[in-house]
Amino acid sequence: MRTDMTEHRTACMLQSVSLPSPVGELLLSGCEKGVHTITITMETAHSAVYCADVELNAELQQCVLWLQSYFSSADSVTSLTPPAIHHPLLHTDSFSARVLRTLQDRVSVGQTVSYRQLAEMAGNERAVRAVGGAMRRNPVPLLIPCHRVLCSSGAIGGFMGGKGTEIKRWLLQHESPDHLKTPQNVSNPDYS
Ligand SMILES: [Zn+2]
């Protein structure tokens with residue numbers, strides 16, 4: 001576990017914590033108002049052991065519990081209150097923020113949408129590329145489920161700048177074991 005306190009420029013007192021997961025070590029940071037970032041480090045899961053020897057703020061604690069619950073059974077989080085998010089991007093009126101909030105509120109465990117459908121749901125069906133951009137800027141993957149956004153062709157699309165395709169596939173299978181058994185699922189991030 002890593003814990004450090006740094007003064008954020010928006011005066012948030014950030015703490016961070018790492019925890020192991022089936023998709024590798026996760027690094028979380030957040031203040032007492034909510035989570036700021038979740039980073040999938042791509043380090044092997046057994047490199048870190050989570051232990052709470054330093055008092056984490058309540059929001060980060062809740063996020064750790066939420067993630068542990070998600071990885072033990074994806075469906076279990078549907079009955080949990082999602083952890084608060086305090087990353088500045090989510091608190092703007094930008095299209096990216098609207099896309100990310102829409103994704104979190106309306107695309108639940110086991111569901112997928114295309115980039116185009118998500119653009120439409122966020123109020124601008126022509127903004128498909130902007131949706132791709134919002135996915136790349138998502139500060140809290142897993143919590144805001146950008147892994148549930150696929151190409152309308154059925155291709156799996158991008159994840160973590162193309163490095164995380166296997167993780168995306170793993171997450172989708174974790175949520176819905178029958179998913180991705182169709183042959184057209186090739187990795188081709190065309191954001192269409
Ligand atoms: Zn904050």
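Student: Where in the protein is the place of L142?
Tutor: This is a predicted model, in which local features need pLDDT of at least 70, side-chain atom pairs count only at pLDDT 80 or more, and totals for chains, interfaces and linings use all residues. Residues are numbered from 1 along each chain as its sequence is written. The elements are DSSP runs numbered from the N terminus, namely helices (H or I, at least four residues) and strands (E, at least two). In these terms, L142 is found in the loop between α4 and β6.

Student: Is L142 buried or exposed?
Tutor: A residue is buried if 20 or more other C-beta atoms lie within 10 Å of its own, exposed if 12 or fewer, and partly exposed in between, with the C-beta atoms placed from the backbone. L142, whose phi is near 75°, a positive value in a residue other than glycine, has 22 C-beta neighbours inside 10 Å, so L142 counts as buried.

Student: What does M160 count as, given its C-beta neighbours?
Tutor: M160 lies in the loop between β6 and α5, and its phi is near 55°, which is a positive value in a residue other than glycine. Because M160 has 18 C-beta neighbours inside 10 Å, it counts as partly exposed.

Student: In what order do the elements of the protein run from the N terminus on?
Tutor: The protein has five helices and six strands. Written from the N terminus on, these elements follow the order β-β-β-β-α-α-β-α-α-β-α.

Student: How many bridges join β2 to β3?
Tutor: Two strands pair if DSSP finds at least two bridges between them. Strand β2 (residues 13-19) and strand β3 (residues 26-31) run antiparallel, and S16 stands opposite S29 in β3. They form a hairpin with six residues between them, and G24 in the turn has a positive phi of about 110°. The number of bridges that join β2 to β3 is five.

Student: How far apart in space are L27 and T39, C-alpha to C-alpha?
Tutor: L27 lies in strand β3, which pairs with β4 in the antiparallel sense over six bridges, and a hairpin joins these strands through two residues. Across this pairing, L27 stands opposite T39 in β4. Although L27 and T39 are 12 residues apart in sequence, their C-alpha to C-alpha separation is 5.0 Å.

Student: Which residues is L27 in contact with, leaving aside its neighbours within four places in sequence?
Tutor: Two residues are in contact if their C-beta atoms, placed from the backbone, lie within 7 Å. L27 has 16 other C-beta atoms within 10 Å and is therefore partly exposed. With the neighbours within four places in sequence left aside, its contacts are S16, S18, T39 and T41.

Student: How is α2 oriented relative to α4?
Tutor: Two packed helices are described by the angle between their axes and the distance between the axes. Here axes are lines fitted to C-alpha atoms, for helices over the stretch in contact, and angles run from 0 to 180 degrees between N-to-C directions. The axes of helix α2 (residues 95-106) and helix α4 (residues 128-137) come within 9 Å and cross at roughly 75°. Angles under 35 degrees count as roughly parallel, over 145 as roughly antiparallel, 65 to 115 as roughly perpendicular and the rest as oblique, which means that the arrangement of α2 with α4 is roughly perpendicular.

Student: How do the residues of the contact of α2 with α4 divide?
Tutor: F95, S96, V99 and L100 in α2 meet A130, V131, G133, A134 and R137 in α4. Ala, Val, Leu, Ile, Met, Phe, Trp, Tyr, Cys and Pro count as nonpolar, Asp, Glu, Lys and Arg as charged, and the others, Gly among them, as polar. On this scheme, the contact divides into six nonpolar, two polar and one charged.

Student: What arc around the axis do the buried residues of α4 cover?
Tutor: V128, V131, G132, A134 and M135 are buried in α4. The arc is that of the directions from the helix axis to the C-beta atoms. These residues lie on the same side of α4 because they cover an arc of only 160°.

Student: Which strand do the buried residues of α5 pack against?
Tutor: The buried residues of α5 are I167, K168, L171, L172 and E175. They cover an arc of only 135° around the axis, and therefore they sit on the same side of α5. The strand they pack against is β4 (34-40).
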